[in-house]
Amino acid sequence: MSIYYCKPVFRPPSEAYSLLIQLTEGCTFKCDFCMSNLRKQFVVREVEAVKKDLDIAKKQYGQNVKRVFFLDGNAMVTPFNKLLEVTKYANYIFPNLERVSVYAHAKDILKKTDDQLKALSEAGLNLAYIGFESGYDKLLEDVNKHATKKDYIDASMKLFKANITLSATLINGLGGANNNEVSKKHAIESADLVNKICPEDDRIWYIAFLSLMTPQGTEIFKRKSKGEFREMNSIEILQELKLFIENIEFQNDNAYCVFRSNHASNYLPIKGILARDKDKIISTINYGLNNPEILRPAFYRGL
Ligand SMILES: C[S@@+](CC[C@H](N)C(=O)[O-])C[C@H]1O[C@@H](n2cnc3c(N)ncnc32)[C@H](O)[C@@H]1O
Ligand code: SF4
């Protein structure tokens, strides 16, 4: 007996060593840059089938599983009762479980009530990965994200209130090259979004920047093939990131926002704590801008 997977599966890099369980297949959205639903019909699997996979995992790995990630692109869309039941079951059969996490579109969070999110959190679902991509509404519309900056603010507040850790990603270069005005607004509005969601306490939360890739089959790939979209180069990407960092201003000096731009898609690995390490991060970016030979070559980048 083996655990069921509908491949390719979609998980964050930080869940590489987690037990991956297929709760949903594909995604209910179709953003222009994303591969998550290209080859899959969206499915929420039956609770009994998911529990069976958890049982198989227990036989394979024993009870020392510490992390479970429920696949796929937006498993938070799973109806509340089902999500609660599989989360509880995972915690029941793995007594040492520290974390259950999912990908969530902002709308999936907004559709759940505060009480439902709290119940999920208390049952052990304690981390949600949201793709903000940008805080600039026009750009979000252009890439068919079906979410606005306000949705991200509201969804983040709901997660914080429920005590579910937020891990959000943004995409450098999303507006493409030859679009200086869009790039500026993308950077400034994204920083404003991150400033606005900053919690008042010292809880940990995560913001990461990926750099745009144009995978085959996506709408953005098609636009690129027709010459309607041109990717930013590494220098333009770093300038955009620098403008984002320059505009980060938290009211709360105790904020603990882990910032990462060290994904395989990025040209320069950067890590730090926002806004505490702002100057250090800007120095790292300047170093990359002044020494382009140290940047990851475009053909080594990946998702
Ligand atoms: C599999 S998606 C899940 C996110 C979640 N469904 C949402 O929309 O909020 C994970 C994230 O990978 C990033 N991503 C997806 N395609 C990308 C691409 N072509 N280039 C760069 N980043 C990409 C986006 O930040 C996206 O939100
Ligand atoms: S970015 Fe998220 S919502 Fe959009 S298609 Fe990918 S997985 Fe789905």
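Asn 144 is partly exposed, at a relative accessible area of 34%; here buried means under 20%, exposed over 50% and partly exposed anything in between, using a 1.4 Å probe and protein chains only. You will find Asn 144 in the loop between α5 (137–142) and α6 (149–162), where helices (H or I, at least four residues) and strands (E, at least two) are DSSP runs numbered from the N terminus. Although Asn 144 is not a glycine, its phi is positive, about 60°.

Before going on, please keep in mind that this is a predicted model, in which local features need pLDDT of at least 70, side-chain atom pairs count only at pLDDT 80 or more, and totals for chains, interfaces and linings use all residues. Residues are numbered from 1 along each chain as its sequence is written, chains are lettered from A and ligands numbered from 1 in the order in which they are written, and side-chain values use heavy atoms, leaving out hydrogens and water.

Glu 133 also has a positive phi, about 70°, without being a glycine. This residue belongs to strand β6 (residues 125–133) and counts as buried because its relative accessibility is 6%. Two peptide bonds deserve a look as well. Leu 71 and Asp 72 are joined by a cis bond with omega about 20°, and Asp 72 falls in the loop between β4 (67–71) and α2. The bond from Leu 274 to Ala 275 is cis too, with omega near -10°; Ala 275 is in the loop between β10 (270–274) and α10 (278–290). Most residues other than glycine have a negative phi, and most peptide bonds are trans.

Ile 171 sits in strand β7 (residues 165–172) and is buried, since its relative accessibility is 9%. Setting aside residues up to four places away in sequence, Ile 171 touches Phe 33, Glu 133 and Leu 212, among others, contact meaning heavy atoms within 4.5 Å.

Finally, consider ligand 2. The residues around this ligand include Cys 31, Phe 33, His 105 and Lys 145, each with a heavy atom within 4 Å of it.
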